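Here's a quick briefing to read with the model open beside you. Take a look at the structure first, then work through the notes.

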Amino acid sequence: MIDLSTEYLGMVLKNPLVPSASPLARQPDMARRLEDAGAAAIVMNSLFEEEVIEDEERLDHLMHHQGIGHFEASSYLPVNDGYRTHLETYLEQLAGLKRSLEIPVIASLNGTTPGGWTTHACELEQAGADALELNIYFMPSDLTCSSEQIESRYIDILTAVKKQVAIPVMMKLSPQFTSIGQLVKRLEIAGVDGVSLFNRYYLPDMDLQTLAVTPSLKLSTSVESRLSMRWIAMLYGRVKITLAATSGIHTHDDAIKLLLAGADVTHMCAALLHHGPEYLGEVLNGMMQWMEEKEYASVAQLKGSVSHARAIDPAAFERANYIKTLDSFHSPDGVWR
Amino acid sequence: MAKQCVTIDGNEAAALIAHRTNEVIAIYPITPSSAMGEMSDSWSNQGRTNLWGAIPAVVEMQSEAGAAGTVHGALQTGALTTTFTSSQGLLLMIPNMYKIAGELTSTVFHVAARSIAAQALSIFADHSDVMAVRQTGFAMLSANSVQEVMDFALIAQSATLKGRIPIVHFFDGFRTSHEINGVKVLGDEVIKAMLPDALVRAHRSRALSPDSPCVRGSSQNPDVYFQGRESVNPWYEAMPAIVQDCFDSYAGLTGRQYQLFEYHGAADADRIMILMGSGAEAAVETVDHLLRRGEKVGVLKVRLFRPFSATHLIAALPVTVKKIAVLDRCKEPGADGEPLYKDVVTALATYVGSGGDRFFAMPRIIGGRYGLSSKEFTPGMIRAVFDELGKQAPKNHFTIGIYDDVTHSSLDWQEMAVDAGLNVTRCMFYGLGSDGTVSANKNSIRIIGEGTDLFAQGYFVYDSKKAGAVTISHLRFGPELIRSTYLIGHDEAHFIACHQPLFLERYDMLAYAAKGAVFLLNSPHSADRIWHQLSKTMQQQIIDKALQFYVIDAYKVAADSGMGRRINTVMQTCFFAISGVLPKEQAIASIKAAVEKTYGRKGGKMVERNFAAIDAALAHLFRVTVPEQVSSNTEMKAAVTADAPDFVRHVTGEMMAGRGNAIPVSLMPADGTWPSGTAAFEKRNLALEIPVWDQELCIHCGKCPFVCPHAAIRSKVFPADAAADAPPGFKHVPVIGREFEAGMHITYQVAPEDCTGCGLCVEICPVRDKSHASRKALNMAPQPPLREQERHNWAFFRSLADYDREQIRWGGLKGAMLAQPLFEFSGACVGCGETPYIKLATQLFGDRMVIANATGCSSIYGGNLPTTPYTTNAEGRGPAWSNSLFEDNAEFGLGFRLAIDAHRDYALQLLQTPGLYIDPALIAAIRDADQSDEPGIHEQRQRIAQLKTHLAGCDGELARNLESVADDLVKKSVWIIGGDGWAYDIGFGGLDHVMASGRNVNILVLDTEVYSNTGGQMSKSTPMAAVAKFAAGGKSVPKKDLSMIAMAYKHVYVGHVAFGAKDLQTLKTFIEAESYDGPSLIIAYSPCIAHGVDLSHNIRQQELAVESGHINLLRFDPRRAAAGKNPLQLDSKKPSIPYKTFAQSEARFSMLWRTHPDAAERLLQRAQQGVLERFHHYEQLASLSYEKEEGNDD
């Protein structure tokens, strides 16, 4: 019997497949189907502080600013005691998942203010989260903001949250750092329990009819997992914290590659949205089948076996690989070049 | 009275008991009683139970008549049942009230008493409505204060179950229904003690049941009906004693003792005032004041008006009484006295005439009217009545509170302060309707009323406008129960706050300041500069009254604290810091505690921000050093310009300036007829930003004037040389389009002082600067720097001649928008979704339009004085407008049609009269005129002018008669306008009948999908899954498809439009509908603040509504069927976005996810399915072939 267990943020998971933040976790029955399909833990969709604030402002408007000063109406929409704010809904959802699932539930938080990070982190811990993912989104549109300032912001947020909560904290990072390795090391020193590589950023689009800038959301593809694979391979063995791979993991092949690179867990999102919760079981089976064929006994055995430190050609993870990649590109048959 | 426990208003006091003591509640919205129904619905929705552990069933009906019918039915089948209403609503219940009383059925109707529409509608308090039901057989119990409302709601419930006589429990609308005051809430033990289960079972035992069947409601004949009516006498005879018994039991439970007729005053009083309602509380204050000064006066409060117990009345009067003034809060024109007066006269005359010897002699009794439509009733007025009684020959049938210089009924009075006010702190707050001032003040009242030993009272005066409305809060705090049922008067306020600097130039607020009062002003000007911004009058007032003057830049403090433009917390903090009502530290701690209580864990960030605002407010509040001398040369702006007509200056202008109370009777139009077009004289300067036209980019599409809700941006085409003398900044360019002659220019001009700054014109503008995507052909810019320049430009624009209507190409927006809007500058909300439709109709047909307007938003912004937005063109023609009622509008409009047609037919008949010698060619031309277009109408007008010239030279009655109806030979356009509450609910029966009549009327339904004017209650137009008042759990059934119902007639033109989604379709629909010689129905989708959207997104919301299939744009033209074509044209495409995308963009839907997530998902899925099915159905109907098959003659 293959031992699929893995260690993640100090917890032992039955396997390395952990669905990441997605709408699936919003629905308890979907979350249960994920668990039934074999998910080892679940990362909730993020609690966005902006959304919490916007919701509070909406409630404030409903409670105090509906009136327009006309005698016949002091309000227009009924607000009753049963009104549940976005934060309450999220906390209830978290508590609900904890009640109905046996696997660990990781809450995810996207804050915007120092107070928001810490306050909400405590609330999530109190609501039963087994661990906390800090999903930091920061767009340095201020041209005077230095890379050092940006990185310090990450450290400051982590330090503040770690002071407030006892549960493990992991950080979801974007790939847009000058020196990712150094940042991860700094985070480790600051007390992070794990990092999740990499976050995908919202990218704007344009509507050519209206010339309006519009939000665009495209699901990831397998190709995107390569970036995570490289950096997990680079970091494996050089930091002691949990390494989670996210973005672009669609198949058991993708997952295995990330584990070989050194990931403790692999997060899946787009593929599950596309194929449904049960697809996780297929990935798990595929993974086991591959391990059987290759005669791996455990995930622990294969984890990091093709990392930068242990790969046949470590340089392939670095710049030399760049030349090879370019050189290997050729047009499809039938295209003149 | 001991210290109060909670601070609530009268409506809540009544609803608390009604909901706790009933099983069925049938409701319908009407101001000022709507809140009772709203609270009941909300409480049931939250699972709150009645005394017996059941959740009362709350059901909204289609009208008050429907509610009364439902109440009757529920009572007949044994449920404890109630309803709430006011005014016309109570009148609609009358038929059922006779039945309910005739059948000796126990119920209580809670009524917030309000005026009845006569020469005009009024939403304010008097007893016209309750007096109109005194004959129904209901008992009538009058509560004078918020505490009494709660007490009497329960006492009435108890008495009706004991005595079987139904009761109207009434209290004064607004004054009591909306006054916040301290009350002791009744515990269940009191309620249970007053309502033993045995009484409830007895009520139930009288229910109709097939298990013990009987017949009730039979038809009786001359032989027994009379006796049947008399058979109830014992119950009526017993009722006063039963009510008194309930009063006494209640006193035993609560310590509050009431009497059927309650006397307060000198035991040896010689002058007595008798009245009922809130005014009696002011009378008590005044009597106490006069007693201390040795006057022998008293007041008798009437509690139980029906059954009227003369015995109790006489027993309650001091034996020493010599003169009595009976005051009625209503008017019975043509009667020799009002109802209460006549009852008192009858009682005393009968008593004395039959030998009663309680009094030394028959007292002299005079009657008077006071307080109609919430007219103030003050100690000074009450004193004047006692003074009148002191005269040798006091005036009978007097009025008090107005200046009647026509029939000289009024008494003179001088305002005076009473002792009761000595230790009371009086505060006034001038706020913007939407800035949260009222909410903050209610919060302050609770802080003080519930957290200290002080008593608190709050009353709020609102505006007649919906956009940029002012609210004036009147707050009193004192060590004793506050009975002052009147506004704070001149020189009385100890604290005055002006929350909006704009109000300084509009209101003489410091006239209300007492000597040494505190004046708090929100202004961007610093403490050392603010003095120079004040008018001469204001500076003088501050110096003369030695006011303590403070200033704060609340908008800056709020913005810096993350509160945006919400200044309520900042201003509330300042109030507590400097008013001296509470020690500052205690007050600040209380505000913070209130903030935490308000938001709790629902609003951590809001708590944080509010706390920051509170702290920052204190740091940014500065006292102004007041100079000893006045330095200003400016004066407050006149309400209207000097060139306004006399009537506008002396009547409308005075009303605008807040001096309407001083207008004498002689200046009032006796029959309710007011001049059109007075809104143009009121320059409200509401917009912070106004649109600026970029004439280089503009393509002259006409969309901006089309969407403007206030007709504040307009286009005009004119010969270039007409602008030779234009002000320097006046922009104009050669007009694009071959339809215009060479040398013609076009301008798009904003009315800077009338624009409300909604930004819809910019939103709709389709043109973008090629090298700067955010710039359009219209861009918003701050108003103040543009105000003067654009004011001159606007005046010049007005002076330019309008483009010739005969030359206009009506099929396109550019052409149609050259027509003058004859509906302008209304008081509608900023960004209103309704008014563009009305404005369009007046542009197209306004000079021959007669409008019947159902009560609702459109009648309020259309006809709520002081100003009138319907106006006239250069020839003096324009829409003639009237509002009858809510329920009868279609019928009212049909009456217009019938009269106009009758006069037209009569005129045609007279034309042919030989003795008038009218040119036969002219007769034929008039008779056969084609008036289907503008030139045709113009020519007919010329013919009528020719006819009138001829008739002027003719003698005789026939000529005069023809002159009187000749104008009806020009085509008139009858419009029946109202909201969905009218069309889908209360007026549907009439609407249906008028459609069926086949007559040529145009029905415009401004469909906001709720009762907007009364605060967003559900109508049958409300879509499934939307939250509305009376549908707090989301509406569970779909919107009624009025289009489909109307189309079923086949002969009705039906159009469904959404101007923001497809403007040309809207234009086309209006033109087609009006041209159809039969009934036309236009259902006009109108985004509303009640949807929970910012109306600056009005256009986007209409697009989403159409794209999602929520609204299907269509036209059904019976003329097409006659021509062998399918009459139905579907103008919108298949739904292209999920319904959820539309629903999530509006709080009315999205908040259901917050309150009832499961229901939200379920209802949304059904709604999605519903829109797809409906579209599919319409699509199939629109594709049916109407071509006649060969050989088929059917």
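UniProt positions here are in the numbering used for this model, with shortened feature names, and such annotations may be inferred rather than shown by experiment. With that in mind, the UniProt annotation "binding site", from an unreviewed entry, covers Thr31(B) and Arg114(B). They're spread over 84 residues of sequence, yet they cluster in space, with a largest C-alpha distance of 8.4 Å.

Some housekeeping: this is a predicted model, where local features need pLDDT of at least 70, side-chain atom pairs count only at pLDDT 80 or more, and totals for chains, interfaces and linings use all residues. Residues are numbered from 1 along each chain as its sequence is written, while chains are lettered from A and ligands numbered from 1 in the order in which they are written.

**The annotated pair**
- Thr31(B) sits in the loop between β2 (24–27) and α2 of chain B; helices (H or I, at least four residues) and strands (E, at least two) are DSSP runs, numbered from the N terminus.
- Thr31(B) counts as buried because 24 other C-beta atoms lie within 10 Å (buried takes 20 or more within 10 Å, exposed 12 or fewer, partly exposed in between, with C-beta atoms placed from the backbone).
- Not counting residues up to four places away in sequence, Thr31(B) touches Glu72(A), Ser86(B), Ile123(B) and Thr1014(B); contact is when C-beta atoms, placed from the backbone, lie within 7 Å.
- Arg114(B), in the loop between β5 (108–113) and α5 (128–131) of chain B, is buried too, with 33 other C-beta atoms within 10 Å.
- Leaving aside neighbours within four places in sequence, Arg114(B) has contacts including Pro32(B), Ser86(B), Ile123(B) and Asp129(B).

**Where the chains meet**
- On this interface, 44 residues of chain B are in contact with 29 residues of chain A.
- Elements of chain B that each supply at least two residues to that side include α2 (34–45), α15 (437–451) and α39 (1147–1155).
- The biggest giver is α39(B), with five residues.

**A strand–helix–strand stretch**
- Strands β20 (residues 513–522) and β21 (residues 548–552) of chain B pair in the parallel sense over five bridges; pairing takes at least two DSSP bridges between the strands.
- Within that pairing, Val518(B) has Gln548(B) in β21(B) as its bridge partner.
- β21(B) is also joined by two bridges to the antiparallel strand β22 (residues 622–623) of chain B, where Tyr550(B) has Arg623(B) as its bridge partner.

Notes. Two residues are in contact if their C-beta atoms, placed from the backbone, lie within 7 Å.
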